Amino acid sequence: MGSDITENIRRELVRKFNAEPQGRAALELKHGQVWDTDELPRDFEVKGFAAPLVVVRRRSDAVLGTLFFQHEPRFYFDFSPD
């Protein structure tokens with residue numbers, strides 16, 4: 001198996017996001033639109049997870065991109081098209 005060169009960076013981001021999880025309002029102020037687990041599949045098709053990122057395809061225009069997520073409370077935010 002190959003080495004994941006993003007693993008250390010992703011682990012640090014997971015620690016950062018989950019050490020001080022934010023509520024929806026705080027995330028919206030910082031990142032714009034936020035989705036919970038029920039809302040996510042309405043707007044995106046999930047292609048894969050690599051915490052704290054999720055690879056998605058936006059349903060409205062088929063654009064592939066990524067979202068960040070925090071674990072508890074679970075919110076997805078900061079969509080970035082590829």
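This is a predicted model: local features need pLDDT of at least 70, side-chain atom pairs count only at pLDDT 80 or more; totals for chains, interfaces and linings use all residues.

Biologist: What kind of pair do the rings of F17 and F68 form?

Modeller: The ring centres of F17 and F68 lie 5.3 Å apart, with their planes at 70 degrees. Since planes over 60 degrees apart count as edge-to-face, the pair formed by F17 and F68 is edge-to-face.

Biologist: How many residues apart in sequence are the parts that this pair of F17 and F68 ties together?

Modeller: F17 belongs to helix α1 (residues 7–19), whereas F68 belongs to strand β4, so their pairing ties together parts of the chain whose separation in sequence is 51 residues.

Biologist: Is F17 buried or exposed?

Modeller: The relative accessible area of F17 is 13%. Buried means under 20%, so F17 is buried.

Biologist: Which atom does the side chain of Q70 reach at 2.9 Å?

Modeller: Q70 sits in strand β4, which spans residues 64–70, and is buried with a relative accessible area of 1%. Beyond its neighbours up to four places away in sequence, Q70 touches several residues, including F17, F75 and F77. At 2.9 Å, its side chain reaches the backbone oxygen of P73.

Biologist: How far apart in space are L67 and D78, C-alpha to C-alpha?

Modeller: L67 is also placed in strand β4, where it is buried with a relative accessible area of 0%. D78 is among the residues that L67 touches; the two are 11 residues apart in sequence, and their C-alpha to C-alpha distance is 5.5 Å.

How values were computed: Residues are numbered from 1 along each chain as its sequence is written. Side-chain values use heavy atoms; hydrogens and water are left out. Helices (H or I, at least four residues) and strands (E, at least two) are DSSP runs, numbered from the N terminus. Buried means under 20% relative accessible area, exposed over 50%, partly exposed in between (1.4 Å probe, protein chains only). A polar contact is a pair of N or O atoms within 3.5 Å; within protein, one must be able to donate a hydrogen and the other to accept it, and residues adjacent in sequence count only if both atoms are side-chain atoms. Contact means heavy atoms within 4.5 Å. Rings of Phe, Tyr and Trp (its six-membered ring) pair if their centres lie within 6.5 Å; planes under 30 degrees apart count as stacked, over 60 as edge-to-face and the rest as tilted.
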